[in-house]
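Please walk through the model shown here.

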Amino acid sequence: MRKRADLSADGIRELIRRFIAASPQNTMKNENEDPAWDDALVGFASGADPIWQQYKEYVGPFHWTPWEVFSQHCPETPAKAEELTVISWVLPQRETVRRANRRAKKYPAEEWARIRVYGEEFNAALRRHVADRLRQAGHAAIAPMLVPNWTVVKSARFSYASSWSERHAAHAAGLGTFGLCDGLITAKGKAMRVGSVVARISIKPTLRPYSDHRAYCLYFADGTCGKCIDRCPAHAITKSGHDKEKCRRHLVRSREYVKKTYRFEGYGCGLCQVGVPCEAGIPVKAAREALEQGKLPPPPPPLA
Ligand code: SF4
Ligand code: SF4
């Protein structure tokens, strides 16, 4: 008889870690078939968390709440927002991949470009795996990034934005805060990729150990750093933030470089994610210590 799946918070963390450890899809597809990933941070957010409505105001009305995406794609299993949980994970880049990209000056290292393509293919497989396991155990589930109507739209505030942002889901699930370059700084740093699944399951939300959505970035904490500005070969980061359009154009240019230099269809950059104080951890000492000691700040104000 098949063993009943443990779908507690710890059980889901274990499900994700086991898939990373055992799946043949976890590969960079390089000569040695090195794994793309070796670890994950996992957090949970309630479908009824007011932060989802704040995202509608901050990112745009096109950004789905968990209830909206779930209701569209699981109509046979009606659920109230409070019956839903967003399961979010962070896949930190491995040290060898970060080290390689630290040396890059204009276009990504081969390792980084491989992760951007094949590591993300694994991330998609992980989304399917988590959603499948939940469904098999009787919990309707959907991976918002994999639904056919997920889209990118023009946004007055952000040039463009998507109907579901994995980084915003991770922020809601207590996994990190935004940096000057727009990346999400997590306990394992900013060099990472993120994924999520929305499910009809009750799991205690992870408390957000920050009172401000930029608490882990040195620039916003005390006006120092700005190292990501210097790392960006496209001059897409300034003290005013991240110019998504300049960044996008550089990513388009990287395709040709990756094909010509590494001989595969790929792209990427991520130079602002390495060789910076937030590469592999939280650089703001007080915030890092608060997280390590399990101290929680007062409830966060609305996003501004
Ligand atoms: S490099 Fe410095 S300024 Fe840029 S996101 Fe990281 S901590 Fe913030
Ligand atoms: S990904 Fe590359 S182009 Fe985009 S902001 Fe970072 S360093 Fe600049």
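How are helix 4 and helix 5 oriented to each other? This is a predicted model, in which local features need pLDDT of at least 70, side-chain atom pairs count only at pLDDT 80 or more, and totals for chains, interfaces and linings use all residues. Residues are numbered from 1 along each chain as its sequence is written, and chains are lettered from A and ligands numbered from 1 in the order in which they are written.

Two packed helices are described by the angle between their axes and the distance between the axes. Helix 4 covers residues 95–102 and helix 5 covers residues 110–136; they pack at an angle of about 125 degrees, with 7 Å between their axes. Helices (H or I, at least four residues) and strands (E, at least two) are DSSP runs, numbered from the N terminus. Axes are lines fitted to C-alpha atoms, for helices over the stretch in contact, and angles run from 0 to 180 degrees between N-to-C directions. Helix 4 and helix 5 are therefore oblique to each other, since angles under 35 degrees count as roughly parallel, over 145 as roughly antiparallel, 65 to 115 as roughly perpendicular and the rest as oblique. On the helix 4 side the contact is made by T96, V97, A100 and N101, and on the helix 5 side by E111, W112 and I115. Two residues are in contact if their C-beta atoms, placed from the backbone, lie within 7 Å. By class, this contact has 4 nonpolar, 2 polar and 1 charged residues. Ala, Val, Leu, Ile, Met, Phe, Trp, Tyr, Cys and Pro count as nonpolar, Asp, Glu, Lys and Arg as charged, and the others, Gly among them, as polar.

Leaving out residues up to four places away in sequence, V197 touches I87, R127, V130, A131, L134, A141, I142 and A143.

Q136 is likewise found in helix 5. With 11 other C-beta atoms within 10 Å, Q136 is exposed; the cut-offs are 20 or more other C-beta atoms within 10 Å for buried, 12 or fewer for exposed, and partly exposed in between, with C-beta atoms placed from the backbone. Q136 and R4 lie 132 residues apart in sequence, and their C-alpha atoms are 9.9 Å apart in space.

The ligands come next. Around ligand 1 there are 14 residues, the closest being G179, C217, C225, C228 and C278. Helix 7 (218–222) and helix 8 (227–231) are the elements that give two or more residues to this shell, which divides into 11 nonpolar, 2 polar and 1 charged. A residue is near a molecule or strand if its C-beta atom, placed from the backbone, lies within 6 Å of it. Ligand 2 has 13 residues around it, of which C232, C247, C269, L271 and C272 come nearest. The shell around ligand 2 holds 9 nonpolar, 3 polar and 1 charged residues.

Two loop residues remain. D182, in the loop between strand 6 (176–178) and strand 7 (184–186), has a positive phi of about 85 degrees although it is not a glycine. D182 counts as partly exposed because it has 18 C-beta neighbours inside 10 Å. H235, in the loop between helix 8 and strand 9 (237–238), has a positive phi of about 50 degrees and is not a glycine either. H235 counts as exposed, with 11 C-beta neighbours inside 10 Å.
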